[in-house]
Amino acid sequence: KTLSFREEFKQRVRNTERRELWLDRADEANEKSGDWRQATQATRGELLLDDRRHAEARVVLRGLHQSGPTHIATLLLLLRAEQALGDWDEVIRIARLLEKRSGLPATALEGILINARISSLQKNSHDAKALGERWRGIPDKERRRPRLAAAAARAFMRLGDCRSAHEIVEEALAENWATELVLLYGECRDEGALGRIERAERWLKDRPRDWPLLLTLGRLCVHKELWGKAQSYLEASLAMQPTRAAHVALAQLFERIGRDQDAARHYRAAADSGLATGTSEA
């Protein structure tokens, strides 16, 4: 079986010094042939990536990218380098180029974009102004993706901006109903809990058997000390899906209203169950 240009180099020049010598000679021998030179440089970049020399690989691959039309294979290598070095703006730019050229399946590209957006938000998560600007710079369609919306909501929550977090969750849920987002809606306590209870109860009319929504309503009602409603919602959630999170929430409720035996019963159930858990419990 005939090996490709790149595969042959990989097999013949694993030693770093010998590899560089071969590549330099290939550059000299083929300096008049643009295609061969591009292949040689792409191979150099790929081998540097394999050696985890990401910064050096990026220099080689960026130079190749900027020198003229770039093959999809080279873009994919450059994407790897930028991901390893955490340059998320470049990752997004290259992913968009690959999207235009159908260089990757749509699902793979979406995953790359979402991961880059999340990493970029995390990078700016200690500065409220920078986080807000970064979030507003993301296209609306992407902002409604559940995983990205959840990451953004958590970032705003860590900064104490509950209002922004809840707005993000509401906008995303309007388009994509997701358990993770529903559970997040019960977190980050602020003065808007009553309004969120009203909104969640409207959702419940369309989703009466949604256990995450029942759990969230129970937690919100506990926050506002609506003990009867809280117990009703939490027990309904347990009936739909017996989760450790609901047991813990009921135990804490009973503890607060002095029903110690009931609290102990639910704490035991939470500890012993090993059942499914909500994403927002810790």
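The S-S bond of Cys-162 and Cys-188 has a torsion of about -80 degrees, so the disulfide is left-handed. Cys-162 lies in helix H11 and Cys-188 in the loop between H12 and H13, so the bridge ties together parts that are 26 residues apart in sequence. The sulfur atoms of Cys-162 and Cys-188 are 1.9 Å apart. A disulfide here is a pair of cysteine sulfur atoms within 2.5 Å. The structure holds one. Helices (H or I, at least four residues) are DSSP runs, numbered from the N terminus.

This is a predicted model: local features need pLDDT of at least 70, side-chain atom pairs count only at pLDDT 80 or more, and totals for chains, interfaces and linings use all residues. Residues are numbered from 1 along each chain as its sequence is written, and side-chain values use heavy atoms, with hydrogens and water left out.

**Cysteine burial**

Both Cys-162 and Cys-188 are buried. Buried means under 20% relative accessible area, exposed over 50%, and partly exposed in between (1.4 Å probe, protein chains only). Cys-221 counts as buried too, at 0% relative accessibility.

**Aromatic pairs**

The structure holds two aromatic pairs. Rings of Phe, Tyr and Trp (its six-membered ring) pair if their centres lie within 6.5 Å; planes under 30 degrees apart count as stacked, over 60 as edge-to-face and the rest as tilted.

| Pair | Centre distance | Plane angle | Class |
|---|---|---|---|
| Trp-177 and Trp-203 | 5.5 Å | 85 degrees | edge-to-face |
| Tyr-185 and Trp-203 | 5.1 Å | 50 degrees | tilted |

The Trp-177 and Trp-203 pair links distant parts of the chain, 26 residues apart. Trp-177 sits in the loop between helix H11 (162–175) and helix H12 (179–184), and Trp-203 in helix H13 (residues 193–206). Tyr-185 lies in the loop between H12 and H13, so its pairing with Trp-203 in helix H13 joins parts that are 18 residues apart in sequence.

Tyr-185 is buried, with a relative accessible area of 1%. Trp-203 counts as buried at 18% relative accessibility. Trp-177, at 25%, counts as partly exposed.

**Charges over rings**

Two arginines face these rings: the charged end of Arg-196 sits over the ring of Tyr-185, 5.7 Å from its centre, and Arg-207 lies over the face of Trp-177, at 4.0 Å from the ring centre. A charge sits over a ring if NZ of Lys or CZ of Arg is within 6 Å of the ring centre and within 35 degrees of the ring normal.

Technical notes:
Helices (H or I, at least four residues) and strands (E, at least two) are DSSP runs, numbered from the N terminus.
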